[in-house]
Amino acid sequence: MKIYLAVILYFLINSNSLNAHELWLEADQYQLKDSEKLIANIKVGQDLVGESYPYLSQETEKLFFISKKGFKKLNQIDGDYPAIQQSVNYSGIQYLYYQSNKEFLKYQDYKTFIEFTDEYNLSYDKSNKNPPSEIYQRFAKIIFNGEPNSFFKTKKNLEFEIINQNNPYENNLSEIQILLKNKPFINKKFVVFFKNENTFERKIYQTDLNGFAKIESLKKGLYLISAVDLEKLNLIEKIKYKADYFSRWASLTFRKN
């Protein structure tokens with residue numbers, strides 16, 4: 001128990017040190033079979049290198065699992081490390097979802113904020129040169145491989161979500177649609193990170209008029225699709241959140257073996 005408390009305290013103290021970077025779910029195994037245990041980390045970092053965080057209930061708004069057998073809410077214990085540890089009872093395609101609570105961030109300098117907006121080609125208020133503050137929230141998921149012909153397309157389950165239109169494990173072009181607040185994420189740039197033992201790649205893609213895009217998924221390795229929306233808050237929301245912006249981060253990971 002003392003070890004769990006120490007781990008929780010450490011990550012609570014240091015939770016803002018990496019908050020401007022990507023958050024993604026990274027699993028030990030990406031092919032799940034009936035009666036096996038799902039083990040996944042909540043990771044925060046850059047270029048697919050980052051810290052693995054324990055499960056913290058005060059930072060978690062939603063954690064659930066979807067397969068053709070239906071929806072399953074996941075219950076973890078504070079301090080669980082790896083963060084997500086669950087038994088599965090199905091061998092087909094499955095999805096793991098994580099949604100964080102809203103968190104507050106005050107940028108230390110204006111340059112750091114500009115670097116963030118440039119990375120994702122985001123619009124912002126260029127008239128105010130003061131270091132801004134923001135509320136941010138993360139929406140992450142994994143698609144797990146399964147038995148042949150078991151792919152199914154999910155409905156929208158998160159406010160900001162990347163939805164598979166085909167099975168990336170069986171196709172060299174992975175088709176996705178990005179939705180934000182029930183609407184297509186139209187003509188927006190997003191980033192795809194890829195790595196294996198020998199290679200790291202970072203590519204920029206753009207959605208079409210319906211929020212769809214196709215990404216290359218031929219190589220064996222880990223893929224992270226990351227999209228960001230930066231919303232300038234109106235006066236009422238500024239007062240509510242005590243912030244200038246609301247950033248939402250959507251991520252999707254899968255690994256081809």
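Which residue in strand 15 is the bridge partner of Leu173? Here is a short tour that ends with the reply.

1. A word on the model first. This is a predicted model, in which local features need pLDDT of at least 70, side-chain atom pairs count only at pLDDT 80 or more, and totals for chains, interfaces and linings use all residues. Residues are numbered from 1 along each chain as its sequence is written, and side-chain values use heavy atoms, leaving out hydrogens and water.

2. Now the overall build. The protein has three helices and 17 strands; these are DSSP runs numbered from the N terminus, with helices (H or I) of at least four residues and strands (E) of at least two. The C-alpha trace spans about 55 × 50 × 40 Å along its principal axes.

3. On to burial. Of the 257 residues in the protein, 52% are buried, meaning under 20% relative accessible area with a 1.4 Å probe, counting protein chains only.

4. Strand 15 covers residues 212-216, and its side chains alternate.

5. Strand 11 (residues 173-180) runs antiparallel to strand 15, and five bridges join them; two strands pair if DSSP finds at least two bridges between them. As for the opening question, the partner of Leu173 in strand 15 is Glu216.

Technical notes:
Buried < 20%, exposed > 50% of the residue type's maximum accessible area, 1.4 Å probe, protein only.
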